[in-house]
Amino acid sequence: MKAFVVDRYGKNESLRAADVPEPVLREDEVLIQVHATGVNLLDSKIRSGEFKLILPYHTPFALGHDVAGVVVRVGPRVRQFKPGDEVYSRPDDFRIGTFAELVAVKEASVAIKPRNLSMEEAASIPLVGLTAWQALVEKAKLRRGQKIFIQAGSGGVGTFAIQLAKHLGATVATTTSTGNVAWVKDLGADVVVDYKTEAFDKVLGGYDAVLNSQDGKTLVKSLSVLRVGGQLISISGPPDVQFAQEIKAPWLVKQVMRVLSFGTRRKANRLKVGYSFLFMKASGSQLRQITALIESGAIRPVIDKVFPFEATNEALAYVESGRAKGKVVIKVR
Ligand SMILES: NC(=O)c1ccc[n+]([C@@H]2O[C@H](COP(=O)([O-])OP(=O)(O)OC[C@H]3O[C@@H](n4cnc5c(N)ncnc54)[C@H](OP(=O)(O)O)[C@@H]3O)[C@@H](O)[C@H]2O)c1
(Lines give C-alpha, C1' and ligand atoms only; values in the text may rest on other atoms or scores of the structure.)
Protein backbone atom coordinates (compact mmCIF):
# COMPACT_ATOMS: atom_id res chain seq x y z
CA MET A 1 0.00 0.00 0.00
CA LYS A 2 1.00 3.66 -0.35
CA ALA A 3 1.95 5.61 2.77
CA PHE A 4 3.81 8.77 3.78
CA VAL A 5 6.64 7.76 6.11
CA VAL A 6 9.19 9.43 8.35
CA ASP A 7 12.68 8.18 7.38
CA ARG A 8 14.66 10.54 9.59
CA TYR A 9 13.68 12.85 12.44
CA GLY A 10 14.22 16.54 11.68
CA LYS A 11 12.37 19.85 11.23
CA ASN A 12 13.17 20.05 7.54
CA GLU A 13 12.72 16.37 6.70
CA SER A 14 9.94 15.67 4.17
CA LEU A 15 7.74 12.61 4.45
CA ARG A 16 8.58 10.00 1.82
CA ALA A 17 5.84 8.56 -0.38
CA ALA A 18 6.55 4.85 -0.09
CA ASP A 19 5.16 1.44 -0.93
CA VAL A 20 4.97 -0.38 2.40
CA PRO A 21 3.46 -3.68 3.58
CA GLU A 22 -0.14 -3.61 4.83
CA PRO A 23 -0.38 -3.26 8.63
CA VAL A 24 -0.48 -6.56 10.52
CA LEU A 25 -3.98 -6.88 12.02
CA ARG A 26 -4.03 -7.82 15.72
CA GLU A 27 -6.86 -9.83 17.28
CA ASP A 28 -8.61 -6.79 18.80
CA GLU A 29 -8.15 -4.48 15.81
CA VAL A 30 -10.12 -3.46 12.72
CA LEU A 31 -8.43 -2.80 9.39
CA ILE A 32 -9.68 0.50 7.97
CA GLN A 33 -9.45 1.56 4.35
CA VAL A 34 -8.52 5.21 4.79
CA HIS A 35 -10.78 7.62 2.88
CA ALA A 36 -9.59 10.79 4.61
CA THR A 37 -7.11 11.76 7.32
CA GLY A 38 -6.75 14.89 9.45
CA VAL A 39 -3.43 16.71 9.89
CA ASN A 40 -2.29 17.79 13.34
CA LEU A 41 0.63 19.73 14.79
CA LEU A 42 1.41 16.49 16.65
CA ASP A 43 2.41 15.00 13.27
CA SER A 44 4.85 17.83 12.74
CA LYS A 45 6.21 17.61 16.30
CA ILE A 46 6.78 13.85 16.00
CA ARG A 47 8.46 14.25 12.59
CA SER A 48 10.80 16.95 13.97
CA GLY A 49 11.83 14.70 16.89
CA GLU A 50 10.32 17.00 19.54
CA PHE A 51 8.29 14.13 21.02
CA LYS A 52 11.00 11.46 21.12
CA LEU A 53 11.04 11.40 24.93
CA ILE A 54 7.31 10.65 25.17
CA LEU A 55 6.72 8.79 21.89
CA PRO A 56 9.93 7.08 20.73
CA TYR A 57 8.93 5.81 17.27
CA HIS A 58 11.51 3.80 15.33
CA THR A 59 12.04 5.00 11.77
CA PRO A 60 10.80 4.37 9.16
CA PHE A 61 7.15 4.67 10.22
CA ALA A 62 3.94 6.01 8.68
CA LEU A 63 2.67 9.25 10.25
CA GLY A 64 -0.93 10.42 10.82
CA HIS A 65 -3.35 10.45 13.79
CA ASP A 66 -6.89 10.87 12.40
CA VAL A 67 -8.85 8.55 10.13
CA ALA A 68 -12.27 8.29 8.53
CA GLY A 69 -12.87 5.28 6.32
CA VAL A 70 -14.44 1.87 5.80
CA VAL A 71 -13.75 -1.33 7.76
CA VAL A 72 -12.36 -3.98 5.41
CA ARG A 73 -11.40 -6.73 7.89
CA VAL A 74 -11.74 -7.41 11.62
CA GLY A 75 -9.62 -9.40 14.07
CA PRO A 76 -11.15 -12.54 15.71
CA ARG A 77 -11.84 -10.76 19.03
CA VAL A 78 -13.64 -7.77 17.48
CA ARG A 79 -17.35 -7.61 18.41
CA GLN A 80 -18.66 -4.14 17.53
CA PHE A 81 -17.62 -3.69 13.89
CA LYS A 82 -17.91 -5.57 10.61
CA PRO A 83 -16.58 -5.08 7.09
CA GLY A 84 -18.42 -2.24 5.35
CA ASP A 85 -18.91 -0.09 8.49
CA GLU A 86 -18.09 3.60 7.99
CA VAL A 87 -15.97 4.58 10.98
CA TYR A 88 -13.65 7.25 12.36
CA SER A 89 -10.86 7.17 14.93
CA ARG A 90 -7.77 8.60 16.54
CA PRO A 91 -5.58 5.44 16.62
CA ASP A 92 -3.62 4.66 19.79
CA ASP A 93 -0.07 5.89 20.20
CA PHE A 94 2.43 3.46 18.66
CA ARG A 95 -0.34 2.26 16.25
CA ILE A 96 -0.57 5.52 14.28
CA GLY A 97 -0.11 5.74 10.51
CA THR A 98 -3.23 7.23 8.92
CA PHE A 99 -1.25 8.93 6.10
CA ALA A 100 -1.70 5.60 4.31
CA GLU A 101 -4.22 3.59 2.33
CA LEU A 102 -4.89 1.22 5.26
CA VAL A 103 -4.53 1.46 9.02
CA ALA A 104 -5.16 -1.12 11.79
CA VAL A 105 -6.89 0.36 14.85
CA LYS A 106 -7.91 -1.14 18.20
CA GLU A 107 -11.67 -1.74 18.31
CA ALA A 108 -11.91 0.24 21.57
CA SER A 109 -10.60 3.37 19.81
CA VAL A 110 -13.04 3.31 16.88
CA ALA A 111 -16.59 4.69 16.52
CA ILE A 112 -19.18 4.70 13.76
CA LYS A 113 -18.76 7.91 11.74
CA PRO A 114 -21.45 10.59 12.25
CA ARG A 115 -24.13 9.96 9.60
CA ASN A 116 -24.40 13.63 8.67
CA LEU A 117 -20.67 14.07 7.87
CA SER A 118 -18.63 13.36 4.74
CA MET A 119 -15.44 11.31 5.11
CA GLU A 120 -13.36 14.53 4.94
CA GLU A 121 -15.47 16.19 7.64
CA ALA A 122 -15.33 13.10 9.87
CA ALA A 123 -11.53 12.88 9.55
CA SER A 124 -11.24 16.42 10.90
CA ILE A 125 -12.78 15.50 14.25
CA PRO A 126 -11.13 12.71 16.34
CA LEU A 127 -7.88 14.17 17.69
CA VAL A 128 -9.12 17.70 18.34
CA GLY A 129 -12.58 16.54 19.45
CA LEU A 130 -11.14 14.10 21.99
CA THR A 131 -8.65 16.74 23.19
CA ALA A 132 -11.45 19.23 23.85
CA TRP A 133 -13.61 16.53 25.48
CA GLN A 134 -10.82 15.34 27.79
CA ALA A 135 -9.91 18.93 28.76
CA LEU A 136 -13.41 20.35 29.27
CA VAL A 137 -15.51 17.36 30.32
CA GLU A 138 -13.00 15.02 32.02
CA LYS A 139 -10.49 17.41 33.57
CA ALA A 140 -12.27 20.76 34.01
CA LYS A 141 -15.73 19.18 34.59
CA LEU A 142 -17.10 22.34 33.00
CA ARG A 143 -20.66 23.15 34.11
CA ARG A 144 -23.47 25.44 33.01
CA GLY A 145 -22.81 29.02 34.12
CA GLN A 146 -19.02 28.67 34.40
CA LYS A 147 -16.52 30.78 32.46
CA ILE A 148 -13.71 29.32 30.36
CA PHE A 149 -10.90 30.99 28.42
CA ILE A 150 -9.99 28.92 25.34
CA GLN A 151 -6.86 30.21 23.58
CA ALA A 152 -6.60 30.30 19.78
CA GLY A 153 -10.32 30.01 19.02
CA SER A 154 -9.65 29.82 15.27
CA GLY A 155 -7.39 26.73 15.48
CA GLY A 156 -8.27 23.04 15.19
CA VAL A 157 -8.69 22.50 18.93
CA GLY A 158 -10.16 25.98 19.52
CA THR A 159 -12.97 25.72 16.97
CA PHE A 160 -14.14 22.43 18.50
CA ALA A 161 -13.60 23.46 22.14
CA ILE A 162 -15.63 26.68 21.75
CA GLN A 163 -18.61 24.73 20.41
CA LEU A 164 -18.32 22.07 23.13
CA ALA A 165 -18.05 24.67 25.92
CA LYS A 166 -21.15 26.48 24.61
CA HIS A 167 -23.01 23.17 24.46
CA LEU A 168 -22.07 22.59 28.12
CA GLY A 169 -23.58 25.99 28.98
CA ALA A 170 -20.36 27.89 29.74
CA THR A 171 -19.41 31.47 28.87
CA VAL A 172 -16.44 31.38 26.49
CA ALA A 173 -13.62 33.86 25.97
CA THR A 174 -11.02 33.30 23.27
CA THR A 175 -8.09 34.90 21.46
CA THR A 176 -7.53 35.27 17.75
CA SER A 177 -6.03 37.76 15.29
CA THR A 178 -7.95 40.72 13.83
CA GLY A 179 -9.16 39.01 10.65
CA ASN A 180 -10.76 36.11 12.54
CA VAL A 181 -12.59 38.04 15.29
CA ALA A 182 -16.08 38.09 13.69
CA TRP A 183 -15.69 34.51 12.45
CA VAL A 184 -14.87 33.18 15.94
CA LYS A 185 -17.85 35.11 17.42
CA ASP A 186 -20.05 33.34 14.88
CA LEU A 187 -18.75 30.00 16.19
CA GLY A 188 -20.17 30.93 19.60
CA ALA A 189 -17.42 32.73 21.56
CA ASP A 190 -18.92 35.34 23.93
CA VAL A 191 -15.75 37.40 24.44
CA VAL A 192 -13.11 37.64 21.69
CA VAL A 193 -9.77 39.25 22.41
CA ASP A 194 -7.78 40.32 19.34
CA TYR A 195 -4.27 39.34 20.43
CA LYS A 196 -2.75 41.73 17.90
CA THR A 197 -4.21 44.79 19.64
CA GLU A 198 -5.13 43.72 23.20
CA ALA A 199 -3.53 41.80 26.09
CA PHE A 200 -6.00 39.15 27.26
CA ASP A 201 -4.71 39.26 30.86
CA LYS A 202 -5.73 42.93 31.07
CA VAL A 203 -9.33 42.28 30.06
CA LEU A 204 -10.21 38.81 31.40
CA GLY A 205 -10.59 37.84 35.09
CA GLY A 206 -12.41 35.47 37.45
CA TYR A 207 -12.41 32.51 35.03
CA ASP A 208 -13.12 28.96 36.23
CA ALA A 209 -10.90 27.30 33.62
CA VAL A 210 -8.31 28.01 30.93
CA LEU A 211 -7.45 25.75 28.01
CA ASN A 212 -3.84 26.71 27.26
CA SER A 213 -2.42 25.82 23.85
CA GLN A 214 0.25 28.49 23.36
CA ASP A 215 3.76 29.27 24.62
CA GLY A 216 5.16 29.55 28.15
CA LYS A 217 4.67 33.34 28.41
CA THR A 218 0.98 32.97 27.49
CA LEU A 219 0.67 30.20 30.08
CA VAL A 220 2.02 32.40 32.90
CA LYS A 221 -0.31 35.29 31.94
CA SER A 222 -3.24 32.86 31.75
CA LEU A 223 -2.83 31.83 35.40
CA SER A 224 -3.83 35.37 36.39
CA VAL A 225 -7.21 35.26 34.60
CA LEU A 226 -8.38 32.41 36.89
CA ARG A 227 -10.44 32.82 40.06
CA VAL A 228 -9.05 31.24 43.23
CA GLY A 229 -9.62 27.49 42.85
CA GLY A 230 -9.83 27.75 39.06
CA GLN A 231 -7.79 25.45 36.89
CA LEU A 232 -5.47 25.77 33.95
CA ILE A 233 -5.23 22.79 31.63
CA SER A 234 -2.34 23.00 29.21
CA ILE A 235 -2.09 20.96 26.04
CA SER A 236 1.17 22.60 24.97
CA GLY A 237 3.30 21.81 28.03
CA PRO A 238 5.04 21.73 30.34
CA PRO A 239 4.30 18.06 31.16
CA ASP A 240 3.86 17.37 34.88
CA VAL A 241 4.57 14.44 37.21
CA GLN A 242 1.00 13.14 37.08
CA PHE A 243 1.32 12.85 33.32
CA ALA A 244 4.64 11.01 33.74
CA GLN A 245 2.85 8.56 36.03
CA GLU A 246 -0.03 8.11 33.57
CA ILE A 247 2.33 7.12 30.76
CA LYS A 248 4.46 5.02 33.17
CA ALA A 249 7.52 7.04 32.25
CA PRO A 250 10.90 5.85 33.55
CA TRP A 251 12.15 7.50 36.77
CA LEU A 252 14.52 9.85 34.94
CA VAL A 253 11.81 11.10 32.56
CA LYS A 254 9.56 11.68 35.57
CA GLN A 255 12.24 13.84 37.19
CA VAL A 256 12.67 15.79 33.93
CA MET A 257 8.92 16.49 33.89
CA ARG A 258 9.01 17.49 37.57
CA VAL A 259 11.72 20.05 36.78
CA LEU A 260 10.04 21.28 33.56
CA SER A 261 6.76 22.03 35.35
CA PHE A 262 8.28 23.28 38.63
CA GLY A 263 8.03 27.02 37.83
CA THR A 264 4.46 26.77 36.56
CA ARG A 265 3.31 24.71 39.53
CA ARG A 266 4.92 27.18 41.95
CA LYS A 267 3.20 30.17 40.29
CA ALA A 268 -0.12 28.29 40.25
CA ASN A 269 0.25 27.46 43.97
CA ARG A 270 0.92 31.10 44.82
CA LEU A 271 -2.25 32.14 42.99
CA LYS A 272 -4.20 29.23 44.56
CA VAL A 273 -5.16 27.83 41.15
CA GLY A 274 -4.66 24.35 39.69
CA TYR A 275 -2.26 23.37 36.93
CA SER A 276 -2.33 20.19 34.88
CA PHE A 277 -0.94 18.99 31.57
CA LEU A 278 -3.10 16.98 29.19
CA PHE A 279 -1.92 14.68 26.44
CA MET A 280 -5.04 13.36 24.77
CA LYS A 281 -5.75 9.65 24.46
CA ALA A 282 -7.59 7.54 21.93
CA SER A 283 -11.15 6.64 22.97
CA GLY A 284 -13.96 5.05 20.98
CA SER A 285 -16.51 5.58 23.77
CA GLN A 286 -15.82 9.33 23.97
CA LEU A 287 -15.94 9.52 20.17
CA ARG A 288 -19.44 8.00 20.32
CA GLN A 289 -20.53 10.81 22.65
CA ILE A 290 -19.01 13.30 20.21
CA THR A 291 -20.89 11.60 17.35
CA ALA A 292 -24.15 12.22 19.21
CA LEU A 293 -23.34 15.94 19.56
CA ILE A 294 -22.48 16.19 15.86
CA GLU A 295 -25.61 14.34 14.75
CA SER A 296 -27.78 16.56 16.97
CA GLY A 297 -26.26 19.64 15.34
CA ALA A 298 -24.64 20.93 18.57
CA ILE A 299 -21.14 20.75 17.00
CA ARG A 300 -20.12 21.06 13.38
CA PRO A 301 -16.74 20.40 11.75
CA VAL A 302 -14.69 23.43 10.70
CA ILE A 303 -12.43 22.72 7.74
CA ASP A 304 -9.97 25.17 6.26
CA LYS A 305 -8.49 23.14 3.37
CA VAL A 306 -8.61 19.65 1.86
CA PHE A 307 -5.43 18.44 0.14
CA PRO A 308 -5.05 15.45 -2.23
CA PHE A 309 -3.07 12.46 -0.89
CA GLU A 310 -0.06 13.24 -3.11
CA ALA A 311 0.18 16.67 -1.41
CA THR A 312 0.58 15.28 2.13
CA ASN A 313 3.83 17.22 2.67
CA GLU A 314 2.14 20.45 1.54
CA ALA A 315 -0.75 19.77 3.95
CA LEU A 316 1.71 19.31 6.82
CA ALA A 317 3.56 22.51 5.85
CA TYR A 318 0.25 24.42 5.80
CA VAL A 319 -0.54 23.27 9.35
CA GLU A 320 3.00 24.19 10.43
CA SER A 321 2.40 27.75 9.18
CA GLY A 322 0.19 28.18 12.27
CA ARG A 323 -2.47 30.09 10.31
CA ALA A 324 -5.03 27.32 9.69
CA LYS A 325 -8.66 28.34 10.36
CA GLY A 326 -10.07 25.10 11.73
CA LYS A 327 -8.79 21.79 10.37
CA VAL A 328 -6.66 20.63 7.47
CA VAL A 329 -7.65 17.33 5.89
CA ILE A 330 -6.12 14.99 3.28
CA LYS A 331 -8.46 13.12 0.91
CA VAL A 332 -6.82 9.71 0.50
CA ARG A 333 -9.49 7.95 -1.58
N1 LIG B 1 -1.61 17.76 24.34
C2 LIG B 1 -2.51 17.36 23.45
O3 LIG B 1 -3.15 16.34 23.61
C4 LIG B 1 -2.76 18.22 22.24
C5 LIG B 1 -3.80 17.90 21.36
C6 LIG B 1 -4.06 18.75 20.28
C7 LIG B 1 -3.26 19.86 20.07
N8 LIG B 1 -2.23 20.11 20.93
C9 LIG B 1 -1.39 21.31 20.77
O10 LIG B 1 -2.21 22.45 20.93
C11 LIG B 1 -1.74 23.48 20.08
C12 LIG B 1 -2.88 23.97 19.19
O13 LIG B 1 -3.25 22.93 18.30
P14 LIG B 1 -4.24 23.19 17.09
O15 LIG B 1 -4.37 21.92 16.35
O16 LIG B 1 -5.46 23.89 17.56
O17 LIG B 1 -3.36 24.22 16.25
P18 LIG B 1 -3.68 24.96 14.89
O19 LIG B 1 -5.03 24.58 14.40
O20 LIG B 1 -2.55 24.77 13.97
O21 LIG B 1 -3.69 26.49 15.32
C22 LIG B 1 -3.71 27.48 14.36
C23 LIG B 1 -4.48 28.67 14.92
O24 LIG B 1 -3.74 29.24 16.00
C25 LIG B 1 -4.03 30.62 16.04
N26 LIG B 1 -2.95 31.34 16.73
C27 LIG B 1 -1.65 31.38 16.38
N28 LIG B 1 -0.96 32.15 17.29
C29 LIG B 1 -1.87 32.57 18.21
C30 LIG B 1 -1.80 33.36 19.39
N31 LIG B 1 -0.64 33.88 19.81
N32 LIG B 1 -2.92 33.58 20.09
C33 LIG B 1 -4.11 33.06 19.68
N34 LIG B 1 -4.25 32.32 18.58
C35 LIG B 1 -3.15 32.06 17.86
C36 LIG B 1 -4.12 31.00 14.57
O37 LIG B 1 -5.00 32.09 14.47
P38 LIG B 1 -4.49 33.47 13.81
O39 LIG B 1 -4.15 33.11 12.38
O40 LIG B 1 -5.68 34.36 13.99
O41 LIG B 1 -3.28 33.87 14.60
C42 LIG B 1 -4.68 29.74 13.89
O43 LIG B 1 -6.06 29.84 13.60
C44 LIG B 1 -0.53 22.91 19.34
O45 LIG B 1 0.63 23.24 20.05
C46 LIG B 1 -0.77 21.42 19.40
O47 LIG B 1 0.41 20.67 19.27
C48 LIG B 1 -1.97 19.31 21.99
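**The cavity and its surroundings**

Modeller: Happy to! The count comes to one cavity of 30 Å³ or more, where a cavity is a set of points on a 1 Å grid over the protein atoms alone at which a 1.4 Å probe fits but cannot get out. Before we step inside, please note that this is a predicted model, in which local features need pLDDT of at least 70, side-chain atom pairs count only at pLDDT 80 or more, and totals for chains, interfaces and linings use all residues. Residues are numbered from 1 along each chain as its sequence is written, and side-chain values use heavy atoms, with hydrogens and water left out.

The largest cavity holds about 50 Å³ of space (the space filled by probe spheres set on grid points, which are joined across faces, edges and corners). Its lining, meaning residues with an atom within 4 Å of a point, is made up of Ser-124, Ile-125, Val-128, Gly-156, Thr-159, Phe-160, Gln-163, Arg-300, Pro-301, Val-302 and Lys-327. Helix 4 contributes the most to this lining, with four residues (helices are DSSP runs of H or I with at least four residues, strands are runs of E with at least two, and both are numbered from the N terminus). Sorted by class, the cavity is lined by five nonpolar, four polar and two charged residues; here Ala, Val, Leu, Ile, Met, Phe, Trp, Tyr, Cys and Pro are nonpolar, Asp, Glu, Lys and Arg are charged, and the others, Gly among them, are polar. At least three lining residues come from each of domain 1 (2-125 + 301-331) and domain 2 (128-277), with bounds from an automatic or database domain assignment.

Now follow the polar contacts, which are pairs of N or O atoms within 3.5 Å. One nitrogen atom of the ligand sits 2.9 Å from a backbone N or O atom of Ile-235. A polar backbone atom of Leu-278 is 2.8 Å from a ligand nitrogen, and a polar backbone atom of Met-280 is 2.8 Å from a ligand oxygen. The ligand taken alone exposes 940 Å², and the protein buries 86% of that (areas by the Shrake-Rupley method with a 1.4 Å probe).

Let's finish with the backbone. In the loop between strand 9 (147-150) and helix 4 you will find Ala-152, which has a positive phi of about 55° although it is not a glycine. One joins Gly-237 and Pro-238, with omega about 0°, and Pro-238 is in the loop between strand 13 (226-234) and helix 8 (241-246). The other runs from Thr-59 to Pro-60, with omega near -5°; Pro-60 belongs to the loop between helix 1 and strand 4.

Technical notes
Polar contact = N/O pair within 3.5 Å; in protein donor to acceptor, adjacent residues only side chain to side chain. 1 Å grid on protein atoms, 1.4 Å probe; cavity = no way out; pocket = protein on both sides within 12 Å on 5 of 7 lines; lining within 4 Å.
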